[in-house]
Amino acid sequence: MTLDTPVVLTDLAIAAAILPLLSFLVTGLFAKPGKGAFLAILTIAISFILSAIVFSQTWNRLDIHQQYVWFTIGNTSFYAGILLNNLGSLMLLLVSGIALLVHIYSTAYMKGDAYLHRYWAHLSLFCFSMLSMVIADNLLLIYIFWELVGFSSYLLIGFWFTRDAAVQANKKAFIVNRIGDLGILSGLMIVFTQFGTFDLQQLLGENGLIINAFVQNGEWINGVHTMPAVWLTVAGLGFVLGAIAKSAQFPLHVWLPDAMEGPTAVSSLIHAATMVAAGIFLLARLFPLFNDTVLLVIAITGTLTALMAATIALVQNDIKKVLAYSTISQLGFMMLAIGIGQYSAAIFHLTTHAFFKCLLFLSAGAVIHEMHHVKQVAPVDFDHQDIRNMGGLRKHMPVTFIAMLVASLALIGIPLTSGYLSKDAILISSFEWAALRGSWSKIIPVTALITSWLTAFYTARLFFKVFLGKNRWRILSPEGHIHEAPPAMRYPLVILALCSTFLIFSVNPLLYEDAWLLRGFPAVESLERINIIHTVIPALVNLLAILIIYFAWQQYARRDKTIFTNRGFFYDFAFNKWYIDNLYQAAIIKRVLNLAAFVRGFDRVIVDGMVHLLAKVGQALATLSAWLDTYIVDGLVNGVGILSKSIGNFARNMQTGKLQHYLLITLFIVITFFIVTYFSLAI
Amino acid sequence: MIPFTHFMLVGAILFCIGLYAVLTKRNAIQILIGIEFMINAAIINFVAAGQYDKDRMGGQLFALFAIVMAAAAVAVALAIILKVYQHYKTIDPDKIDQLRN
């Protein structure tokens with residue numbers, strides 16, 4: 001059997017996606033409480049191996065597309081199938097690889113949780129939906145698995161469902177994602193109306209329908225079908241809305257920081273590496289559909305999100321919240337890359353970011369894990385996720401320290417890390433993009449540049465506050481001891497740390513254009529290579545970033561107190577997350593709740609009132625007829641009875657059988673007869 | 001001349017006494033006596049009314065006729081009472097109830 005025949009490869013890919021579903025079903029249905037880890041890890045490990053085989057056989061080769069008739073409506077057949085191109089197989093490998101590491105990590109991190117079987121089942125379900133989504137060959141399937149990803153994420157965020165905050169968070173994530181799903185659904189409908197198919201290969205492949213469709217005289221023409229050009233923009237914006245919701249972009253980013261209520265391993269897998277990348281993945285898949293307007297919207301959204309999330313991350317104190325906002329910020333960078341036409345750069349950054357952000361979260365998880373143990377022996381209660389309570393963990397957790405160091409450097413984008421390569425790709429491309437356009441468009445690359453410096457500062461702040469400086473936790477918990485993470489947590493960290501360096505992406509640590517991953521995707525908009533940008537920007541970024549890191553070290557590690565005050569407009573603005581949650585609360589949630597209260601009141605008072613009134617009237621009528629029945633109808637019947645009974649009694653009483661009574665009665669009758677006759681004659 | 005009304009009053013009183021005896025007494029012979037009283041009250045009325053028919057003496061004739069009828073009736077009645085007493089060992093009409101039920 002040769003591995004590179006298309007049928008075998010698609011079968012392998014299907015197996016890779018289906019195996020976690022198997023684990024979900026078996027664990028979900030049969031597992032005893034606390035069990036399920038072995039099956040989940042086994043299936044995801046096989047998935048990873050299969051994905052690696054598929055990836056090695058499909059990368060930079062012809063696209064493999066296998067499909068089967070799914071169902072037929074009228075004359076239209078719908079196909080379901082597998083599309084393995086560079087993007088799909090890369091995502092397959094990435095998702096299964098990171099999922100495998102997170103699974104291994106979870107065995108130690110989640111140890112002792114009473115509902116562990118539920119955790120493994122849900123994690124497997126998530127892996128199934130995510131893996132299926134990246135290899136699905138048509139928009140309908142993608143949409144289905146997209147929803148499933150959202151649902152399994154809902155389950156995992158609310159894993160600790162006894163906490164009110166977790167319940168609120170998963171509800172919020174679900175509702176916000178619903179808004180995006182609406183956008184995707186409208187996009188789907190427009191695309192299907194125009195082209196009559198959901199098939200990605202037909203739409204986007206060589207000589208695909210979307211590529212051959214064109215806009216002329218304000219009409220969107222496709223050879224078969226024509227509709228006003230505005231629908232092209234609407235369809236694009238619909239898909240963008242979906243991506244904005246899933247990838248936590250402004251203004252629908254609000255669910256992601258709250259989603260940190262889930263277990264840290266889940267945050268790492270879902271809210272850093274895979275699920276949030278689904279939005280970017282969708283935009284990359286559908287890239288040819290977007291016209292200039294939509295691309296500009298994507299670029300502006302991405303830039304704004306990157307800046308906003310970075311400013312908010314500056315002042316957060318919860319270790320996971322800082323990482324959450326940095327995720328949003330980095331996703332903004334990816335959106336920006338798509339917006340400027342460099343979706344290859346976006347996918348590159350998605351891949352590198354998946355590794356180093358996963359690593360950051362897992363390291364944070366290790367820290368939280370240890371801090372939790374410290375808290376348990378502490379005489380006072382304190383927030384074990386608050387970085388103000390940490391400090392000086394370097395000596396106690398050297399492996400975690402080094403892992404986090406590599407990840408932080410990658411996040412900042414220091415040379416020799418993977419983050420440097422991908423971030424530079426985006427920054428430089430954005431400057432080249434702006435150079436072709438008007439002066440106003442310079443705002444976008446400049447904002448991105450500022451954001452990358454902000455990133456340097458908040459990352460350094462987080463890192464120094466946790467690992468350097470004084471042991472602030474000792475004051476809170478003198479008995480507490482911090483140990484290195486257990487092996488099941490440590491080894492994934494080491495592997496991820498290796499993946500966060502330039503080694504696996506490029507032979508040249510300084511020049512992103514050498515990265516093999518970037519070459520796997522066509523540069524959509526061929527930008528003129530401006531050499532000066534390629535030298536000045538990285539130098540400028542890194543020089544200033546290193547200064548900023550040094551400054552942060554001065555502030556947070558050496559002196560352990562800062563020149564920054566917790567006052568002023570900017571602090572409040574960032575600390576309150578740009579007041580976006582408050583705005584939603586006041587503008588939307590409160591109104592919806594008011595409306596709901598009003599409708600409820602209407603329902604209770606008017607609708608229920610009417611029903612109750614009807615019931616009361618019926619009751620009154622019933623009482624009346626009951627009364628009538630008792631006293632009039634029954635009364636009549638009983639009256640007849642009583643009457644005949646009394647007549648009978650009267651007549652019976654006369655039959656005494658005593659002779660003299662009869663005589664007396666006869667006498668009375670005679671007398672009465674005489675009296676009546678007398679008086680009637682008198683009258 | 002005794003007025004006609006006085007005869008009528010004596011007749012009425014006699015009739016009422018007889019009626020009372022018939023209705024209240026527990027002894028068949030006493031009842032029979034009550035009946036005789038009532039017949040004699042009627043006979044007095046006949047005789048009194050006879051003054052208005054002096055030519056044919058209808059009142060007196062009817063009185064004699066009624067006295068004969070009463071004597072016959074008493075004879076029959078007393079015979080019945082005797083037979084009743086032999087049969088029931090009582091002459092209280094209330095106790096003679098074998099025809100009931």
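Good morning, colleagues. Chain A contains 25 helices and five strands. Please bear in mind that what we are viewing is a predicted model.

I begin with the overall dimensions. For 683 residues the globule rule gives 26 Å, whereas the radius of gyration of chain A is 38 Å, well over that value, so the chain is more spread out than a compact globule. Taken along the principal axes, the C-alpha atoms occupy a box of roughly 150 × 75 × 60 Å.

I turn next to burial and contacts. Of the 683 residues in chain A, 53% count as buried. If we consider contacts between residues at least 6 apart in sequence, 78% of them join residues at least 24 apart.

What does the surface look like? Chain A exposes about 30600 Å², and 69% of that area is supplied by carbon and sulfur atoms. As for charge, the chain carries 42 positive and 34 negative side chains, with the centres of the two sets 12 Å apart.

Finally, the aromatic residues. The count over all chains comes to 29 aromatic pairs. One of these joins Tyr678(A) and Phe679(A) in an edge-to-face arrangement, with 5.6 Å from centre to centre and 80° between the planes. Are these two residues buried or exposed? Tyr678(A) has a relative accessibility of 57%, and the threshold for exposed is over 50%, so Tyr678(A) counts as exposed. Phe679(A), at 52%, therefore counts as exposed by that criterion too.

Thank you for your attention.

Notes. Residues numbered from 1 in each chain as written. Chains lettered and ligands numbered in written order. Predicted model: local features only at pLDDT ≥ 70, side-chain atom pairs only at ≥ 80, totals over all residues. Heavy atoms only, no water. Helix = DSSP H or I, 4+ residues; strand = E, 2+ residues; numbered from the N terminus. Rg over C-alpha atoms; globule rule 2.2 N^0.38 Å. Buried < 20%, exposed > 50% of the residue type's maximum accessible area, 1.4 Å probe, protein only. Contact = heavy atoms within 4.5 Å. Areas by Shrake-Rupley, 256 points an atom, 1.4 Å probe, with all protein chains shown as cover. Lys, Arg positive; Asp, Glu negative; His and termini not counted. Charge placed at Lys NZ, Arg CZ, Asp CG, Glu CD. Phe/Tyr/Trp six-rings, centres within 6.5 Å; stacked < 30°, edge-to-face > 60°.
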